[in-house]
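Hello,

Here is the structure I promised to pass on to you. Have a look at it first, and then read on for what turned up in it.

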Amino acid sequence: MPARVIDGRALGASVRSEIRRRIATSGRPVRLDAVLVGDDRSAGIYAQNQARNCAEAGIDYHIHTLPAESGYEEIAGRILLMNTDDSIRAIMMHLPLPVGVDAERVQSLIDPQKDVEGVNPANIGNVVYGRRSLVPCTALAVIEMIESTGITLKGSKCVVVGASNIVGKPIAILLMREEATVISANKYTNDLPMLTHEADVIVAAAGVPALVTRDWVKPGAVVIDVGINRKVGADGKAFTVGDVDPRVSEVAGWMSPVPGGVGPMTVAMLLRNVAEAALR
Ligand code: NAD
């Protein structure tokens, strides 16, 4: 029997309608302020989609556009002004930033109470301490998707493939918070297929197309694919693949697709963080 699909679009839609209800019943205005620097095409498209998603959820979307030649000082100055503006409760930064501007340095300026992407190191630290805080959206999405399968995380074995600061590490820590036994793997991990083959849950977040293959997976395991890898087909058209080979569905118990998995759920988690920051 093929793996059951963890449908990120359906889960995301249900989270979004819950947020819409929460905002409507609060009777309070909720807004998201996003900074976009320059005219990067994909960042522009992402911002347009975000404006639509916000409108659907009842969130006012304000975009602060800065010229492409902005340096660290201009961008940092804008963030600091937004931090002190009491009408702004939720801030996010579109990437990429201009060459030479360190994104992590800018992100670390966002007030942790307004940092709805959870990218300020203070919020990543709060994840470790288990404090109520704004958690990185992709990590939140992954945990919700795993929990939607009904698996008991406490005592389960989980392997997170990929250990970046904003994706792999927060996922591993959230799984540890659930008292799972967690292995955090990276590109230097030896015998990775042997480790994943023991796992009840595999999260693939390496950015390597079809890295996780059928023989890496224990029958019945939950497999979450975070990877977003762009490829060009023989017809010249671009398409997206994940880090998990589609044939994994022949052995896994549950599997999230790409596209239509972690991506749309991450969008929903950002909107939930916006509502959280504005209404708490
Ligand atoms: P990154 O490049 O910062 O980190 C990659 C991590 O994977 C590193 O820890 C590296 O050591 C590890 N790695 C690389 N090759 C490996 C291998 N062969 N075996 C084991 N580990 C390996 O990437 P990132 O920002 O963490 O993103 C990872 C993937 O997730 C990318 O495809 C990215 O596009 C995707 N992503 C998706 C979402 C979403 O919402 N779906 C959000 C963020 C990132």
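A search for aromatic pairs across the whole structure comes back with zero. For such a pair, the rings of Phe, Tyr and Trp (its six-membered ring) need centres within 6.5 Å; planes under 30 degrees apart would count as stacked, over 60 as edge-to-face and the rest as tilted.

Before going on, please keep in mind that this is a predicted model, in which local features need pLDDT of at least 70 and side-chain atom pairs count only at pLDDT 80 or more, while totals for chains, interfaces and linings use all residues. Residues are numbered from 1 along each chain as its sequence is written, and side-chain values use heavy atoms, with hydrogens and water left out.

The charged end of Arg105 sits over the ring of Tyr72, 3.7 Å from its centre, and Arg131 lies over the face of Tyr129, at 4.6 Å from the ring centre. A charge sits over a ring if NZ of Lys or CZ of Arg is within 6 Å of the ring centre and within 35 degrees of the ring normal.

Next, take a look at helix H1, residues 8–26. Helices (H or I, at least four residues) and strands (E, at least two) are DSSP runs, numbered from the N terminus. H1 has 19 residues and spans 27 Å from its first C-alpha to its last, close to the expected 27 Å; that expected span is 1.5 Å times one less than the number of residues.

Which residues of H1 are buried? They are Gly8, Gly12, Val15, Ile19 and Ile23. They lie on the same side of H1 because they cover an arc of only 75° around the axis, the arc being that of the directions from the helix axis to the C-beta atoms. On the other side of H1, Arg21, Ala24 and Thr25 are exposed. Buried means under 20% relative accessible area, exposed over 50%, and partly exposed in between (1.4 Å probe, protein chains only).

The buried residues of H1 pack against helices H2 (41–57), H6 (137–147) and H9 (262–279). Contact means heavy atoms within 4.5 Å.

Both ends of H1 are worth a visit. At its start, a side-chain oxygen of Asp7 comes within 2.9 Å of the backbone nitrogen of Arg9; a polar contact is a pair of N or O atoms within 3.5 Å, where within protein one must be able to donate a hydrogen and the other to accept it, and residues adjacent in sequence count only if both atoms are side-chain atoms. H1 is followed by Gly27, which has a positive phi, near 70°.

Now for some single residues. Ile59, in the loop between H2 and strand S3 (60–66), is buried, with a relative accessible area of 3%. Leaving aside neighbours within four places in sequence, Ile59 is in contact with several residues, including Ile23, Leu32 and Leu271.

Thr138 belongs to helix H6 and counts as buried at 19% relative accessibility. Not counting residues up to four places away in sequence, Thr138 touches Val167, Val226, Val262 and Thr266.

Enjoy exploring!
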